[in-house]
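I'd like to walk you through one structure, so please have a look at it first.

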Amino acid sequence: MSVPGPTSPDGVLAGPPHGLGAGKLTPGLSDTSPDEGLLEDLTVEDKAVEQLAEGLLSHYLPDLQRSKQALQELTQNQVVLLDTLEQEISKFKECHSMLDINALFTEAKHYHAKLVNIRKEMLMLHEKTSKLKKRALKLQQKRQKEELEREQQREKEFEREKQLTAKPAKRT
């Protein structure tokens with residue numbers, strides 16, 4: 001692998017790379033076959049790539065491992081947080097259902113009191129109707145008795161009038 005030549009202070013290449021003259025051909029840039037000289041370059045490149053890879057790994061691997069560990073810890077913490085959140089949600093639902101149950105019990109007490117009042121009113125009305133029926137029966141019996149007495153009185157008066165009326169004497 002070729003290494004670029006020296007750079008100027010502004011970062012632009014100042015000349016051709018080391019080892020390449022102005023009139024020399026760059027491997028791979030000539031009119032010859034692209035495979036020419038590749039075998040030699042590959043052995044150097046393989047070592048360089050391996051060394052660069054090892055250097056890159058040794059430089060970034062500890063940070064990556066720490067990042068991996070931190071991500072694992074974050075994932076575990078998220079799982080714990082999700083479990084806690086689910087528990088809190090279930091507690092909230094229980095509290096909400098308890099409020100609903102309390103409201104239902106309050107409503108049930110209210111309707112029970114209404115039922116008790118209705119029952120009292122029904123018993124009171126039943127007593128009143130029973131008394132009115134008894135009174136009506138007594139009144140009816142009293143009227144019948146009065147009518148019977150009037151009828152008897154009329155019959156007595158009629159009999160008396162009959163007796164008081166003059167009877168023609170019997171002639172014999």
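The pLDDT averages 81 over the chain, and 73% of the residues score at least 70. Where does the pLDDT stay under 50? One such stretch is residues 1–9, and there the model has 18 contacts beyond four places in sequence. Residues 11–28 are also below 50, and that stretch has 21 contacts in the model beyond near neighbours in sequence.

Now for the overall make-up. How many helices and strands does the chain have? There is one helix, and there are zero strands. That helix, helix 1, covers residues 38–164. Of the 172 residues in the chain, buried ones make up 1%. The chain's accessible surface comes to about 16,800 Å², and carbon and sulfur atoms account for 60% of that.

Let's move to the surface patch. Which residues form it? Leu-56, Leu-57, Tyr-60, Leu-61 and Leu-64 make a nonpolar patch, and together they have about 500 Å² of accessible area. If you want to find it on your screens, Leu-57 sits in helix 1.

On to the charged side chains. How many salt bridges turn up in a search of the whole structure? The count is four, and I'd like to show you some of them.

Let's take Arg-66 and Asp-63, whose side chains meet in a salt bridge at 2.0 Å, N to O. Why are these two about one helical turn apart? Because they are three residues apart in helix 1. Is Arg-66 buried or exposed? Its relative accessibility is 53%, so Arg-66 counts as exposed. Asp-63 comes out at 36%, so Asp-63 counts as partly exposed.

Next come Lys-91 and Glu-88, with a salt bridge between their side chains at 3.7 Å, N to O. These two also lie in helix 1, three residues apart, which is about one turn of the helix. Lys-91 has a relative accessibility of 46% and is therefore partly exposed. Glu-88 is partly exposed too, with a relative accessible area of 43%.

Further along, Arg-154 and Glu-151 form a salt bridge through their side chains, at 3.4 Å, N to O. Here again both residues are in helix 1, three residues apart, or about one turn. Glu-151 has a relative accessible area of 36%, so Glu-151 is partly exposed.

To wrap up, we have a predicted model with one helix and zero strands, a nonpolar patch on the surface and four salt bridges.

Notes
Residues are numbered from 1 along each chain as its sequence is written. This is a predicted model: local features need pLDDT of at least 70, side-chain atom pairs count only at pLDDT 80 or more; totals for chains, interfaces and linings use all residues. Side-chain values use heavy atoms; hydrogens and water are left out. Helices (H or I, at least four residues) and strands (E, at least two) are DSSP runs, numbered from the N terminus. Buried means under 20% relative accessible area, exposed over 50%, partly exposed in between (1.4 Å probe, protein chains only). Accessible areas come from the Shrake-Rupley method with a 1.4 Å probe; for residues, only the protein chains shown count as cover. Patches are made of residues with over 30% relative accessible area and no salt bridge: like charges are joined within 9 Å, nonpolar side chains (Val, Leu, Ile, Met, Phe, Trp, Tyr) within 5 Å. pLDDT is the predictor's confidence in each residue, from 0 to 100. Contact means heavy atoms within 4.5 Å.
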